[in-house]
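Here are some notes to keep beside you as you look through this structure for the first time.

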Amino acid sequence: RSSWLLLAPLLTPSVPVITAPPCSLCPEGAHRFQWIGNLVPEFGISSSHIKVLSSPAEFYELLKVQIKSAKQRVVMASLYLGTGLLEQELVDCLEETLEKSFQAKGSSDLRVSILLDYTRGSRGRKNSRTMLIPLLQRFPEQVRVSLFHTPNLRGLLRLLIPERFNETIGLQHIKVYLFDDNVILSGANLSDLYFTNRQDRYVLLQDSPEIADFFTELVDAIGDVSLQLQRDDTVQMMEGMVHPYQGDKVAYCEIANRRVMEVINSARTRQELLHAKTFHSSQQGSSLLSQKGSQASRDLKPEPDTWIYPLIQMKPFGIQIDEVVTETLLTEAERDARIYLTTGYFNLTQAYMNLILGTRAEYRILLASPEVNGFFGAKGVAGAIPAAYVYIEHQFYSEVCYLHQQERVQLQEYSRAGWTFHAKGLWLYLAGSDLPCLTFIGSPNFGYRSVHRDLEAQVAIVTENKALQQQLHQEQEQLYLCSGVVSSSTFEQPNRYVKLWVKLVTPLIKNFF
């Protein structure tokens with residue numbers, strides 16, 4: 001109980017307010033979302049380079065295949081790396097690939113960069129750090145392990161809050177896995193549950209060098225302001241870098257903001273130049289085509305039919321792009337459009353709730369039933385967290401009913417025996433369309449933590465291609481098939497009973513989970 005009370009004095013630091021750009025939505029076509037490019041780089045690619053995965057086992061096997069085939073770079077950002085046999089197999093794959101690269105040339109061209117959260121990655125005697133130290137010891141020039149420590153956990157607070165509870169203050173929550181020019185975007189961590197029976201989402205972007213470069217630079221930027229794991233299991237900051245919890249907090253956050261925004265803005269500039277060059281080339285190509293026929297046609301690359309927009313949220317550093325884009329999208333969604341929104345932890349911010357309840361689109365919100373919540377059956381205070389989520393869900397459902405919005409806003413609970421649920425993101429179906437033209441996929445849960453405390457990244461994928469739209473539609477349907485619609489009777493079931501103390505405490509602690 002005292003552990004929760006220790007969290008109460010923590011106040012979220014104030015950050016500059018960023019206003020959404022005016023929406024210049026095009027009247028027709030999936031690419032009405034071009035306004036997102038006012039904030040972030042826009043990557044145009046062919047839909048044939050995108051594959052939607054559906055299962056944890058498929059995700060795990062793909063990770064191993066990609067590691068084994070990497071030649072230049074492996075970049076992995078996750079909350080943590082687990083300590084089981086499946087995780088050890090991943091580390092072994094990294095070691096074998098580094099060894100092969102080293103033997104082939106006498107010195108390895110392969111670089112491995114891993115970004116994890118400091119508090120979660122340091123939990124327990126055997127942890128993410130101890131799993132990775134052998135790689136650092138054997139390949140010190142090729143391997144970098146960065147451990148992000150939130151600047152909000154410092155001073156007396158850091159000394160008093162025990163292990164596990166200290167993770168509530170703020171985390172590195174980004175999940176990106178890239179291998180040469182192939183990128184996997186997901187909400188899944190590098191842990192055995194996420195490889196076996198914890199349902200998440202996964203998208204592979206193949207042969208996408210510009211996107212891979214962007215996420216490499218993003219992970220490098222966060223890595224530069226993170227603690228560096230050493231071969232003797234100590235940590236230290238890069239020379240000249242302000243320390244996240246011993247140094248000046250304002251100075252640290254300003255440096256971090258500058259590093260991350262440099263990555264975003266330089267990528268935006270590069271992509272704009274590339275678009276201008278491509279447009280100029282296509283104009284020349286049209287002229288050549290009329291003169292030289294089909295040969296020019298074969299030399300020209302196919303026009304992109306899909307656009308990728310990276311959405312970054314790092315409120316501790318004053319970066320809130322994902323929040324701005326999400327709020328704008330919810331605001332602008334037209335009447336009869338359908339938004340399928342899913343989160344493993346239903347704890348929407350007040351702003352998101354207000355937009356869902358006060359705008360015109362239809363919503364189908366998928367969330368975890370208590371039995372598939374990741375905290376179900378946990379020991380101690382954490383064991384009450386599923387009940388807190390039930391209470392938050394019931395309050396939201398009551399508000400929906402009070403406003404007579406049950407037809408427009410529908411809650412559905414994911415339930416699957418022996419599984420837990422961790423999928424997050426959304427799919428947007430324009431009015432009159434049976435297929436989605438846009439999806440968000442990545443780490444954010446649309447909750448207070450995602451917006452205010454943690455480092456998050458997802459991408460908006462906008463596509464005009466029917467085959468890819470069908471893939472995304474099938475992904476959505478497959479997840480929602482394992483769900484039941486929430487009604488008033490849902491909360492009358494015995495397993496939905498919420499103890500009085502949980503109801504009293506939830507409003508005080510809901511901003512921490």
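1. **Confidence.** The quantity to know first is pLDDT, the predictor's confidence in each residue, on a scale from 0 to 100. You are looking at a predicted model, and its mean pLDDT is 90, with 88% of the residues at 70 or more. Please be careful with residues 1-27, where the pLDDT is below 50; this stretch has 48 contacts in the model beyond near neighbours in sequence. Residues 294-299 also stay under 50, and the model gives them three contacts beyond four places in sequence.

2. **Overall make-up.** The protein has 513 residues, and 57% of them are buried. Its secondary structure consists of 16 helices and 21 strands. Among contacts with a separation of 6 or more, 80% are between residues 24 or more positions apart.

3. **The largest core.** Which residues touch the most other members of the largest nonpolar core? They are Phe 33, Phe 215, Met 314, Ile 365 and Phe 396, in a core of 116 residues. Helix H13 gives the largest share of this core, with 11 residues. Domain 1 (32-39 + 304-510) and domain 2 (46-266) each supply at least three residues to this core. As general background, nonpolar side chains tend to be buried together in soluble globular proteins.

4. Leaving aside residues up to four places away in sequence, Phe 215 touches Val 176, Leu 178, Val 183, Leu 185, Pro 310 and Val 459.

5. **An annotated stretch.** UniProt, in an unreviewed entry, places the feature "domain: PLD phosphodiesterase" at residues 168-194. In the model, the chain over residues 168-194 is 11% helix and 33% strand, and its end C-alpha atoms are 21 Å apart.

6. **A nine-strand sheet.** Follow the order S2-S9-S7-S6-S3-S4-S5-S10-S11 and you will trace an open sheet of nine strands with mixed pairing. Strands S2 (50-53) and S11 (235-236) stand at the edges; each has a single partner strand, so one side of each is left without a neighbour in the sheet. Within the sheet, S3 (residues 73-77) and S4 (residues 111-117) pair in the parallel sense over five bridges. Ala 77 stands opposite Leu 115 in S4.

7. **Strand S18.** Why is S18 (residues 425-429) described as largely enclosed by the rest of the structure? Five of its five residues are buried, and buried here means under 20% relative accessible area. Gly 425, Trp 427 and Tyr 429 point one way, while Leu 426 and Leu 428 point the other way. Strand S14 (residues 338-343) runs antiparallel to S18 and is joined to it by five bridges, with Leu 428 as the bridge partner of Ile 339. S18 also pairs in the antiparallel sense with S19 (residues 438-442), over three bridges, and Leu 426 stands opposite Phe 440 in S19.

8. **Asn 373.** Is Asn 373 buried or exposed? It counts as buried, because its relative accessibility is 3%. Asn 373 lies in the loop between strand S15 (362-368) and helix H13 (385-402). Not counting residues up to four places away in sequence, Asn 373 touches Gly 344, Tyr 345, Ala 368, Pro 386, Tyr 389 and Thr 420.

Notes: Residues numbered from 1 in each chain as written. Heavy atoms only, no water. Contact = heavy atoms within 4.5 Å. Helix = DSSP H or I, 4+ residues; strand = E, 2+ residues; numbered from the N terminus. Buried < 20%, exposed > 50% of the residue type's maximum accessible area, 1.4 Å probe, protein only. Core = buried A, V, L, I, M, F, W, Y, C linked by side-chain atoms within 4.5 Å. Domains from an automatic or database assignment. UniProt positions renumbered as here; feature names shortened; annotations may be inferred. Pairing = 2+ DSSP bridges.
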